[in-house]
Amino acid sequence: MADEVLSPEASANNSFKEKLTDRVKLDALVTDLAQEYSKYLKVDVSAEKTVLEDEVEDILTRLDEFTSLVDMVRSDNTVCLNQKLPGIHEKFAEMEKVFVQIDRLEEMIKVIKQNLDVMEEKVNEAEEHLDSSSVKKLFNSFQKPLFSKKGGDQKKHLKYEPPEIFKTDDFFPNSTSAENANT
């Protein structure tokens, strides 16, 4: 048993060795743990960097295309404003004459319509006055002998008074004088 009982020095020495080995184990454990955590923190940014560079390049390409499109629109606007717009203004000035003629033509059509209404009314009056129904005339001609004398009850002749109708000279004074000059 004497061998089994250790002296206080041996016991202290033994506990020092245990603490030392525990310390070495602890240091090794901390080192392993630090290495494991460093693996989590290591990031391979080369793949992400490539993707980011590709996206930036794509955006720059689109920006360049947009800039060239804006330049084309500006040049087209310049062409339109400096060349086409004066031409359109000239054509509009020429069309003013046509617009005036169209207005005159519309006025003339209104007058013609009024004249036709008056003429139609006069024709209706004349038909009523002369009893000009074609069926009635046909039957009347069959009833009378062919060679009979016509009696004195012939209808008296009514005088026809034509209504005043339009004249194109009223609406287009220059066009008829130009036609007369050509003939």
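**Surface and make-up**

I began with the accessible surface of the protein chain, which comes to about 17600 Å². Carbon and sulfur atoms account for 59% of that surface. I note that this is a predicted model. I then looked up burial. Buried residues make up 3% of the 183 residues in the chain.

Next I looked up the secondary structure. I find five helices and zero strands. Read from the N terminus, the elements run α-α-α-α-α.

**Helix α2**

I turned to helix α2, which covers residues 45-130. How far does α2 span between its end C-alpha atoms? I get 111 Å. A straight helix of 86 residues would span 128 Å at 1.5 Å a residue. I then looked for a bend in α2. There is a kink of about 40° at Lys-84. The kink lies shortly before the proline Pro-86.

**Nonpolar patch**

Which residues form a nonpolar patch on the surface? I list Leu-52, Val-56, Leu-60, Leu-63, Phe-66, Leu-69, Met-72 and Val-73. Together they have about 780 Å² of accessible area. I checked one of them, Val-56, on its own. Val-56 lies in α2. Its relative accessibility is 44%, so I count Val-56 as partly exposed.

**Salt bridges**

I searched the whole structure for salt bridges and found five. As background, side chains of opposite charge can pair when their charged atoms come close.

Is Lys-39 buried or exposed? Lys-39 is exposed, because its relative accessibility is 56%. Glu-36 has 43% and therefore counts as partly exposed.

I moved on to Arg-74 and Asp-71. Their side chains meet in a salt bridge at 3.9 Å, N to O. These two are in α2, three residues apart, so again about one helical turn lies between them. Arg-74 has a relative accessible area of 55%, so I count Arg-74 as exposed. Asp-71 comes out partly exposed, because its value is 43%.

The next pair I noted is Asp-117 and Lys-113. The N to O distance in this salt bridge is 3.5 Å. Both residues lie in α2, four residues apart, about one turn of the helix. Asp-117 is partly exposed, because its relative accessible area is 40%. Lys-113 has 52% and so counts as exposed.

**Asn-115**

Last, I looked up Asn-115, which has its place in helix α2. Is Asn-115 buried or exposed? Asn-115 has a relative accessible area of 15%, and the cut-off for buried is under 20%, so I count Asn-115 as buried. Which residues does Asn-115 touch, not counting those up to four places away in sequence? I find Glu-164, Ile-165 and Phe-166.

Conventions:
Residues numbered from 1 in each chain as written. Predicted model: local features only at pLDDT ≥ 70, side-chain atom pairs only at ≥ 80, totals over all residues. Heavy atoms only, no water. Patch = residues over 30% accessible without salt bridge, like charges linked within 9 Å, V, L, I, M, F, W, Y side chains within 5 Å. Areas by Shrake-Rupley, 256 points an atom, 1.4 Å probe, with all protein chains shown as cover. Salt bridge = Lys/Arg side-chain N within 4 Å of Asp/Glu carboxyl O. Buried < 20%, exposed > 50% of the residue type's maximum accessible area, 1.4 Å probe, protein only. Expected span 1.5 Å × (residues − 1). Bend = angle between axes of the 7 residues up to and from the residue. Contact = heavy atoms within 4.5 Å.
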